2 protein chains.
Amino acid sequence: MQYESLSKEEIKKSLSAEKKRYDAILKEKLSLDMSRGKPAAEQLDLAMPLLSVLSENTKFPKGPDYRNYGLQDGIPELKNLFGELFGVPSDYVYVAGNSSLNLMYDMISDAMLTGVLGSTPWCRAEGKVKFLCPVPGYDRHFNICEKLGIEMISVPMNEAGPDMNVVEDLVSNDPLIKGIWCVPRFSNPSGVTYSAETVSRLAKMKTAAPDFRIYYDNSYFVHTLYEDAPELVNIFDIAKEAGTEDRIYMFSSTSKITFAGGGIAVLIASPKNMASVKEKMGWKTIGFNKIWQYAHYLYLESVSKIKSIMKAQAELIRPKFEIVLDALERDFGDTDLVSWNAPKGGYFICLKCPNGTAKRIWTLCKKAGLTITPAGASHPLHIDDTDSYLRIAPTYPSCEDLKKATSVLMTVVKIAVLESLSK
Amino acid sequence: MQYESLSKEEIKKSLSAEKKRYDAILKEKLSLDMSRGKPAAEQLDLAMPLLSVLSENTKFPKGPDYRNYGLQDGIPELKNLFGELFGVPSDYVYVAGNSSLNLMYDMISDAMLTGVLGSTPWCRAEGKVKFLCPVPGYDRHFNICEKLGIEMISVPMNEAGPDMNVVEDLVSNDPLIKGIWCVPRFSNPSGVTYSAETVSRLAKMKTAAPDFRIYYDNSYFVHTLYEDAPELVNIFDIAKEAGTEDRIYMFSSTSKITFAGGGIAVLIASPKNMASVKEKMGWKTIGFNKIWQYAHYLYLESVSKIKSIMKAQAELIRPKFEIVLDALERDFGDTDLVSWNAPKGGYFICLKCPNGTAKRIWTLCKKAGLTITPAGASHPLHIDDTDSYLRIAPTYPSCEDLKKATSVLMTVVKIAVLESLSK
């Protein structure tokens, strides 16, 4: 429907029709969830062979006993495998526990308490430390800043990544800006893959803070849904040439390759950073679970096996994205009032609705038994001044539930659009 | 030998004989290690069935999918099991990743950055935060304080635990004293189990700091070597009655029950602390590896199974302790110049040599190809003013290697004792 050209009478009529539909939905007492980027059970089923690769007769490699303390930075097999996957030498790879978020938190809390490569601890900086937060972005990233007292400066996302003119201007002038959050491939939630130019400018930009760091959350690096998904250039290649590779902490995990919360997390960093990471992580732990690391190695085997796993994952996820995207196209393809990304990978669809409607949509969904990520979640401090962004996570529900959920969502968005037009 | 009654001539003669023995050892070019509290391969072999409890056909319990995100505080099966083991309700139990040291670090770094139950962040305290450190103690505990800029105040250990007169006097007067390190059963390295009175006084003492915390590292809770090992009373029972249970963080792990660095770590805390722990851990992670937790549950089964595992562990470890203890008794049973504990459990023997000899002993061992924990390691900042304490870890080497290592150690200690007598 071309909502923009509706007459007042038509708006009233349509709104009344949609509200009737909504009232009928209410009676169904639904309980549906498209709020978090969780894999569905069928995706997890794919990884079940991982549970059989170890047994009582497992022969571990010769050398350090993986069943004992040691090898803080992980088993060499996985250092090599992730090095190959991300295009870095294996000694850039730190293989850790199950949570890349935890590694991100560690890198920031360590910097707060003890600085970065000898810099003043950020908690003692002369003024409040600030981070750049491309918006819309990932709520758990912003939450770390909020809880650790880091001021967040929003930077708009465009189709090539964060607006680099804004980023460069800010970081070159303010030494209290110590970091930027990035999800460079299939960004959460906008689905954007950073362009080669964006990555290059991130690597090469001048920063007023010598201890500036890019928190490069490459969680969806291999999470493509379509063959023609845009590639991400290797930031380490560019940074090495520019002499800036110490500014990058790259993170990833297998949470959406093997088991969610039961995978293996990695940190990728320059040799200088790595030495410091090993030292500081060594204050906290003697090392991570190498047996689970080795099980992952036995299951993941090689880069090509990882890619074939991700193809099988895509087969399961793609139809779900298409349920939502097809409905959006059908119901809002003719209007500019509602827009969205059609991501080539990742876990999210980002929906932009008319200003001032996102909270209303969330509330109406909630009332109808459909949980979606709270409006504002993709913005620092949960404040979306436009009140227009919503994040849709289609992976977790079954296709049947998702169809139902999408139909509820469409009705609710229509109501919100029509309401905003009738104001 | 009764070293105290030797004449100058006898000392000279004995020293010369021991040095000849030492020179012969040098020629053997040994490479032996009794430095760290690591389990031996045979101990790890005991846990190999753990690797077979999961398989492709594993049926996980109904309810939340253990293969997916969720249950930040761990699976209910292990919360129940550890609750029963430690004598606390299961909602006091937070089941985490593989490292209890990491949990300890988290509790302290969180307090530094964001305070404790609403208190001022310790990094903003008016003055340097201080911890009480019973000595000899665990080097990794003290290292956390050192790295996070926490001042350490040494408190002497006696046979019932830390000297509680000293502890009470200090904590009741100085609000900057925010914590005390405790290893209450089979203390590292002194082997002491805290007496009921010590535990009771820890629970009941007045503290000037309202946000004072006991870091109660109960790593060796079930690690008994002999049936008549002293029991540890339940600090939570006493603290609950005294209204002080918020002051205790108890830690443990299965690193020395299943796999070292491949086990499951737990934090045990009061409901009020637990709510805060869940909130703050939630900034870092969506949760820990529940699949590995479930594998542990399937293997560990019950408290009685854990106890039978620890009996089997003791069968392997006890002869090793006895190799060292028998040699000490044989060579130094008649003198007061060298003393040691004969622990009923845990991983260490603490050796007290004449003042001013510990570094010398370490150096002579090193030169002979025997690695022992560096002198001073059991003291804050590695400074043992008496230069007399050494930590012996007998578990890791084979019995054959351990016999050799012990014989080297005996020769070296004799040299150091005789040298100190000839000064």
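## A loop residue with positive phi

Asp387(B) lies in the loop that runs between strand S12 (370-372) and strand S13 (389-392) of chain B. The model described here is predicted. In it, phi of Asp387(B) is near 45°, a positive value in a residue other than glycine. Most residues other than glycine have a negative phi, and most peptide bonds are trans. Asp387(B) is partly exposed, because 19 other C-beta atoms lie within 10 Å and a residue counts as buried at 20 or more.

A second case is found in chain B. Glu301(B) has a positive phi, near 65°, and is likewise a residue other than glycine. Glu301(B) belongs to the loop between H10 and helix H11 (303-332) of chain B. With 15 other C-beta atoms within 10 Å, Glu301(B) is partly exposed.

How is chain B related to chain A? The same surface serves both copies, for 100% of the contact residues of chain B recur in chain A.

The contact draws 45 residues from chain B and 45 residues from chain A. On the side of chain B that touches chain A, the elements giving two or more residues are H2, helix H4 (100-114), helix H5 (139-147), helix H9 (271-284) and helix H10 (290-300) of chain B. H4(B) provides the largest share of this side, with 7 residues. By class, the side of chain B that touches chain A consists of 22 nonpolar, 16 polar and 7 charged residues.

Leu44(B) is placed in helix H2 (residues 41-46) of chain B.

Neighbours within four places in sequence being left aside, Leu44(B) is in contact with Asp65(A), Arg67(A) and Asn68(A) of chain A, and with Pro39(B) and Phe259(B) of chain B. Leu44(B) and Glu315(B) are 271 residues apart in sequence, and their C-alpha atoms are 13 Å apart in space.

## Helices H7 and H8

Two packed helices are described by the angle between their axes and the distance between the axes. In chain B, helix H7 (residues 196-204) and helix H8 (residues 235-242) pack at an angle of about 40°, and their axes are 9 Å apart. The crossing of H7(B) past H8(B) is right-handed. Which residues meet in H7(B) and H8(B)? From H7(B) come Val199(B), Ser200(B), Leu202(B), Ala203(B) and Lys204(B), and from H8(B) come Ile235(B), Ile238(B), Ala239(B) and Ala242(B). The residues of this contact divide into 7 nonpolar, 1 polar and 1 charged.

In chain A, helix H8 (residues 235-242) has Ile235(A), Phe236(A) and Ala239(A) as buried residues. Seen down the axis of H8(A), these buried residues fall within an arc of 90°, so they line one face of the helix. An α-helix has 3.6 residues a turn, so residues three or four places apart point the same way. The buried residues of H8(A) pack against helix H7 (196-204), strand S7 (213-217) and strand S8 (248-253) of chain A. After H8(A) comes Gly243(A), whose phi is positive, near 70°.

## Prolines in loops

Where is a cis peptide bond found in chain A? Such a bond joins Asn188(A) and Pro189(A), with omega about 5°. Pro189(A) is in the loop between strand S6 (177-182) and H7 of chain A. In chain B, the peptide bond from Asn188(B) to Pro189(B) is cis, and its omega is near 5°. Pro189(B) is placed in the loop between strand S6 (177-182) and H7 of chain B.

Another proline of chain B, Pro175(B), lies in the loop between helix H6 (164-173) and S6. Pro175(B) counts as partly exposed, because 17 C-beta neighbours are inside 10 Å. Residues up to four places away in sequence not being counted, Pro175(B) touches Ala208(B) and Ala209(B). Pro175(B) and Val129(B) are 46 residues apart in sequence and 8.8 Å apart in space, from C-alpha to C-alpha.

How values were computed. Residues numbered from 1 in each chain as written. Chains lettered and ligands numbered in written order. Predicted model: local features only at pLDDT ≥ 70, side-chain atom pairs only at ≥ 80, totals over all residues. Contact = placed C-beta atoms within 7 Å. Axes fitted to C-alpha atoms, helices over the stretch in contact; angles between N-to-C directions. Helix = DSSP H or I, 4+ residues; strand = E, 2+ residues; numbered from the N terminus. Left-handed = near helix turned anticlockwise from the far one by under 90°. Nonpolar A, V, L, I, M, F, W, Y, C, P; charged D, E, K, R; others polar. Buried ≥ 20, exposed ≤ 12 C-beta atoms within 10 Å, placed from the backbone. Arc of directions from axis to C-beta.
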